[in-house]
Amino acid sequence: MRVYLHALSRDLLARALRDVAVDVRIVNNPDHADMIFALRARADDQKIRRLADEGRPVHTVKRNSGSELRRALQAAFPTVPGMDDEVVREAIVEIEQAIERAVSENITVALRAQPPPLRKVQHRIAARYHLVEVYSEGHEPFRHLVVRPAGSDDFDEDESITP
């Protein structure tokens, strides 16, 4: 993953990357970046808006500090201690597909049952999108997330997303 920093310290991010242990390369050219990290006060700059409009994720931090950057990295690259990274990636893909489907087809989508730590990651990912509402349903071990378009009152169209 290639990351561009806007109004943030490269050294602080490098230290935060060592703490979080994710495979990220910092690039100097925003056009070569897969993801943008920006200071919240500067995230409205024209360059950042252009990159966001092109579909690059933009993560903002309130202050240029190591702890803020660590939190932003953990949000951008979720991991679950004791779980295989591939299982976590599959859960992330599942929530992203459910969000896309709920918004594009205007339906409610039920996900597969997941353990609590994975549901928490899925909730965090969904919180980035203000286009959908997400809630947990059922009892363990069958508890799962349900995604529906924001403001939708229709509960009759529940469907299961295929992995």
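The side chains of glutamate 68 and arginine 71 are joined by a polar contact of 3.3 Å; such a contact is a pair of N or O atoms within 3.5 Å, where, within protein, one must be able to donate a hydrogen and the other to accept it, and residues adjacent in sequence count only if both atoms are side-chain atoms. This is a predicted model, in which local features need pLDDT of at least 70 and side-chain atom pairs count only at pLDDT 80 or more, while totals for chains, interfaces and linings use all residues. Residues are numbered from 1 along each chain as its sequence is written, and side-chain values use heavy atoms, with hydrogens and water left out.

**Glutamate 68**

- Glutamate 68 lies in helix H3; helices (H or I, at least four residues) and strands (E, at least two) are DSSP runs, numbered from the N terminus.
- With a relative accessible area of 14%, glutamate 68 is buried (buried means under 20% relative accessible area, exposed over 50%, partly exposed in between, with a 1.4 Å probe and protein chains only).
- Apart from neighbours within four places in sequence, glutamate 68 is in contact with Val61, Lys62 and Arg63, contact meaning heavy atoms within 4.5 Å.

**Helix H1**

- In helix H1 (residues 10-20), the buried residues are Leu12, Leu13, Ala16, Leu17 and Val20.
- Viewed down the axis of H1, these buried residues fall within an arc of 140°, so they line one face of the helix; the arc is that of the directions from the helix axis to the C-beta atoms.
- The exposed residues Asp11 and Arg18 are carried on the face of H1 turned away from its buried side.
- Strand E1 (2-6), strand E2 (25-27) and helix H3 (66-76) are among the elements that cover the buried residues of H1.
- A side-chain oxygen of serine 9 reaches to within 3.3 Å of the backbone nitrogen of aspartate 11 at the start of H1.
- Alanine 21, which follows H1, has a positive phi, near 60°.

**Nonpolar cores**

- In the largest nonpolar core, Leu13, Phe37 and Leu73 touch the most other members of its 20 residues; a nonpolar core is a set of buried Ala, Val, Leu, Ile, Met, Phe, Trp, Tyr and Cys residues joined through side-chain atoms within 4.5 Å.
- At least two residues of this core come from each of E1, H1, strand E3 (35-39) and H3, and H1 gives the largest share, 5 residues.
- A second, separate core has 18 residues, including Val88, Ala91, Ile107 and Val121.

**Parallel sheet**

- An open sheet is formed by 4 strands in the order E2-E1-E3-E4, with parallel pairing; two strands pair if DSSP finds at least two bridges between them.
- E2 and strand E4 (58-61) stand at the edges with a single partner strand each, so one side of each is left without a neighbour in the sheet.
- E3 and E4 run parallel and are joined by 4 bridges; the bridge partner of alanine 38 in E4 is threonine 60.

**Backbone features in loops**

- A cis peptide bond, with omega about 0°, joins glutamate 140 and proline 141; proline 141 is placed in the loop between strand E6 (132-137) and strand E7 (144-149).
- Alanine 7, in the loop between E1 and H1, has a positive phi near 65° and counts as partly exposed at 33% relative accessibility.
- Asparagine 106, in the loop between helix H4 (85-105) and strand E5 (109-113), has a positive phi near 55°.
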